[in-house]
Amino acid sequence: MIETKVHPTAIVDPSAKIGARAEIGPFSIVGSQVTIGDKTIVQSHVVIEGEVTIGSGNLIGHGAIIGTPPQDVSFSPQRKTKVEIGDDNIIREYCTIHRGTAEDSATKIGDKNFLMAGVHIGHNCEVGNNVIIANNCLLAGYVLVDDGAFLGGGSTFHQFMHVGRLVMVQGSSAFGKDLPPFVVAGERNSVFGLNVVGLRRAGFSAKDREDVKEAFKLVYLSGLNISQALEKAGTMKLGKVGREFVDFVANAKNRSICPIKRGGGKDVAT
């Protein structure tokens with residue numbers, strides 16, 4: 001552990017792999033199967049156990065717990081499961097990230113994400129890159145969150161659901177159905193419209209924004225059912241981004257998509 005800083009009160013298993021210029025804070029516990037990359041800071045009272053790989057440049061806040069067994073009554077402690085975390089993430093105080101439940105499976109978090117205090121990431125979740133998850137959000141098992149999503153504080157997400165790219169979720173909401181990319185959503189399973197501000201900030205061209213709007217109108221406002229809307233979409237000349245919206249809806253078979261509720265907010269468009 002050359003060039004690392006390990007507080008005298010921390011307990012770091014000799015088999016753990018700690019990168020250069022990493023820091024392990026007071027009273028933290030790092031298990032034998034843990035790998036922590038260069039320049040990652042682990043603050044005080046953190047517990048990291050099980051097979052966990054954490055990349056470089058991360059901040060792990062006080063009291064976070066990573067790699068503990070999943071909250072799954074069928075889980076067997078003998079199963080080999082893991083947590084994989086990328087680079088440059090901020091994981092604030094008291095976040096909990098559980099390892100996978102099925103044999104050889106993993107809970108995965110990408111790069112440059114911001115998990116605010118008290119966030120729970122359940123077993124086998126996959127969080128992409130540049131995602132913001134605000135305080136006290138709860139993600140059940142197998143939730144997928146795509147790049148650039150923003151999940152408002154205190155919101156809950158049912159197991160096996162999928163949150164699309166650049167989705168913006170209102171705080172104190174609850175979802176059990178999939179959220180297509182680029183939408184604003186809130187309350188209980190409600191879509192309000194498109195995240196037009198987010199699309200502009202992300203650098204989408206006017207043509208891409210128009211394609212997404214056309215795809216959104218087809219799915220939500222045309223009066224067609226999903227099968228009919230998808231059939232019609234096959235005849236339309238949508239660009240890559242509009243097609244991304246349609247393909248997401250086509251693949252939302254397990255949970256289906258959240259329905260629209262009109263009048264949801266000032267920064268949306270339908």
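Strand β8 (residues 47-48) and strand β11 run parallel and are joined over 2 bridges; helices (H or I, at least four residues) and strands (E, at least two) are DSSP runs, numbered from the N terminus. Two strands pair if DSSP finds at least two bridges between them. Across this pairing, I48 has I66 of β11 as its bridge partner. Before we go on, note that this is a predicted model, where local features need pLDDT of at least 70, side-chain atom pairs count only at pLDDT 80 or more, and totals for chains, interfaces and linings use all residues. Residues are numbered from 1 along each chain as its sequence is written, and side-chain values use heavy atoms, with hydrogens and water left out.

**The sheet**

Which order do the strands take in the open sheet? The 9 strands follow the order β2-β5-β8-β11-β14-β17-β20-β23-β26, with parallel pairing. At the edges sit β2 (11-12) and β26 (174-175), each of which pairs on one side only.

**A threonine in a loop**

Now follow the chain to T81, in the loop between β11 (65-68) and β12 (82-85). Is T81 buried or exposed? T81 counts as buried because its relative accessibility is 3%; buried means under 20% relative accessible area, exposed over 50%, and partly exposed in between (1.4 Å probe, protein chains only). T81 also has two polar partners to look for, shown in the table. A polar contact is a pair of N or O atoms within 3.5 Å; within protein, one must be able to donate a hydrogen and the other to accept it, and residues adjacent in sequence count only if both atoms are side-chain atoms.

| Group on T81 | Partner | Distance |
|---|---|---|
| T81 side chain | R99 side chain | 3.3 Å |

Leaving aside neighbours within four places in sequence, T81 is in contact (heavy atoms within 4.5 Å) with several residues, including E51, F75 and D104.

**A hairpin**

Strands β27 and β28 run antiparallel and are joined by 4 bridges. G186 stands opposite S190 of β28. Their hairpin has 3 residues between the strands, and E187 there takes a positive phi near 55°. Strand β28 (residues 190-194) is mostly covered, with 5 of its 5 residues buried.

**Helix α4**

Helix α4 (residues 240-251) has 12 residues and reaches 16 Å from first C-alpha to last, close to the 16 Å expected at 1.5 Å a residue; the expected span is 1.5 Å times one less than the number of residues. Its buried residues are V241, G242, F245, V246, F248 and V249. They lie on the same side of α4 because they cover an arc of only 155° around the axis, where the arc is that of the directions from the helix axis to the C-beta atoms. An α-helix has 3.6 residues a turn, so residues three or four places apart point the same way. The face turned away from the buried side carries the exposed K240 and N251. Among the elements covering the buried residues are α2 (206-220) and α3 (226-233).

**Aromatic rings**

How many aromatic pairs does the structure hold? It holds 5. Rings of Phe, Tyr and Trp (its six-membered ring) pair if their centres lie within 6.5 Å; planes under 30 degrees apart count as stacked, over 60 as edge-to-face and the rest as tilted. Y142 and F160 are stacked, because their ring centres are 4.8 Å apart and their planes are at 5°. Ring pairs also link F216, Y220 and F245 into a cluster.
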